[in-house]
Amino acid sequence: MAPQREWFEKDYYRVLGVSESATAKEIKSAYRKLSREYHPDANPGDAAAEERFKEISAAYDVVGDSAKRKEYDEVRRLGPASAGFPGGGAGPGGFTFTDGGDLGDLLGGLFGRGGRRGGGRSGPHRGQDLETELHLSFADAVNGVTTAVHLTSDATCRTCNGSGAKPGTLPHRCGNCDGSGVVSDNQGLFGLSAPCPACAGRGVIIDDPCPTCRGTGVERRQREVKMRVPAGVDDGQRIRLKGRGGPGRSGGPPGDLYVVVRVALHPLFGRKGHHLTLVAPVTFPEAALGADIVVPTLSSGPMTLRIPPGTRSGRTFRIKGKGVPAPKGAGDLLVTVEVAVPAKLSAAQRKAVESLQTASNGESPRAHLGV
Ligand SMILES: [Zn+2]
Ligand SMILES: [Zn+2]
């Protein structure tokens, strides 16, 4: 699991009143004792006790679990918090995130979860959602394709991996605030605290800023994001690529990348939801006498379609399963036949058509129109 923001802020060992080297058994028994003492049932209506009970539970949730505890210790060892917590003033949590603090940014960078940008407010911020377009051929949209989008956007700096420090150097703990990022005016229980002016609340000082991002941990660059386009996407559809947007700030998660699909027209096929459409010209004799005609499909080659005798122009035939693939069964290919009228006739053709005219015995197909 990923480190939690609270891990930088809370001293769970202190909450449970045990040392950092306490055994699992000691932690468990401390937790049992405290949770009994502060349990809401034992302290009806006591809001402070309830708050304390919640803290105890949250602390035990982390340090009472060996895997989480290991990660928590690691986070604290790597972070400025490893120096210990400033005494007093900051309440039982011991450590306070303050405005202007980019400490989380730095740690976020160390943990490969994005960088930060400029100064600004503290606290984890989710990265920006970004949007880009992807142009697809008709066939790729229908059948699905593995491709990539290219965009220029903010991204975690590759030189420093988001830490802001020149590779080979490490940010050092700010001496002014002892790494907390806060200076507190320690008066009584509720001391006022302000961002440390020496480190701008970061808790660390970067002596050698990364030359690529000038210490921000973020660079603007061309990115290639590989993606799988599912079969059957349609023009204008948005595909969400979770976590592929802008980098998060202060250890916040990255944003999402939305890819808007633009599908090119096909010279032959059209789309009607999950069905494909195709217009197939037929001759008058084929329509009148019936015929087996060969039509193309998008993904499985030519197929034979049987046209029954007496087929009128504009009739649509359905070829099952030759439409757009879909999880619940593919759509169909809808073939609309259109009787083609030749623009020019050879002498022999002309004679044949004229004999057809004679054969129809002067019966007009428009008789029912009453004119
Ligand atoms: Zn950098
Ligand atoms: Zn400082």
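## Exercises on a predicted model

In this predicted model, the side chains of Glu-219 and Arg-158 form a salt bridge with an N to O distance of 3.6 Å.

**Exercise 1.** Determine where in the chain Glu-219 and Arg-158 lie, and whether each is buried or exposed.

*Solution.* Begin with the placement: Glu-219 belongs to strand E7, whereas Arg-158 sits in the loop between E2 and strand E3 (172-173), so that the pair links distant parts of the chain, 61 residues apart. Next, take the accessibilities: Glu-219 has a relative accessibility of 11% and therefore counts as buried, while Arg-158, at 60%, counts as exposed.

**Exercise 2.** Carry out the analysis for Asp-154 and Arg-220, whose side chains also meet in a salt bridge, and state which parts of the chain the pair ties together.

*Solution.* The N to O distance of this salt bridge is 3.4 Å. Because Asp-154 lies in strand E2 (residues 145-156) and Arg-220 in strand E7 (residues 218-229), the pair ties together parts that are 66 residues apart in sequence. As for cover, Asp-154 is buried with a relative accessible area of 15%, whereas Arg-220 is exposed with 58%.

**Exercise 3.** Describe the salt bridge between Asp-256 and Arg-240, and find the network to which both residues belong.

*Solution.* The two side chains meet at 2.9 Å, N to O. Asp-256 is in the loop between strand E8 (238-241) and strand E9 (257-263), and Arg-240 is in strand E8, so the pair ties together parts that are 16 residues apart in sequence. Asp-256 is buried, its relative accessible area being 4%, and Arg-240 is partly exposed at 45%. Through salt bridges that share partners, Arg-240 and Asp-256 are joined with Arg-126 and Asp-129 into one network. For the structure as a whole, the number of salt bridges is 19.

**Exercise 4.** Locate Gly-127 and list its contacts, leaving aside neighbours within four places in sequence.

*Solution.* Gly-127 is found in the loop between helix H6 (103-110) and strand E1 (130-136), and with 6% relative accessibility, under the 20% limit, this residue counts as buried. Its contacts beyond those neighbours are Gly-246, Pro-247, Gly-248, Pro-253, Pro-254 and Gly-255. For Gly-255, the separation is 128 residues in sequence, yet the C-alpha to C-alpha distance is 4.2 Å.

Notes:
Residues are numbered from 1 along each chain as its sequence is written. Chains are lettered from A and ligands numbered from 1 in the order in which they are written. This is a predicted model: local features need pLDDT of at least 70, side-chain atom pairs count only at pLDDT 80 or more; totals for chains, interfaces and linings use all residues. Side-chain values use heavy atoms; hydrogens and water are left out. Helices (H or I, at least four residues) and strands (E, at least two) are DSSP runs, numbered from the N terminus. Buried means under 20% relative accessible area, exposed over 50%, partly exposed in between (1.4 Å probe, protein chains only). Contact means heavy atoms within 4.5 Å. A salt bridge is a side-chain nitrogen of Lys or Arg within 4 Å of a carboxyl oxygen of Asp or Glu.
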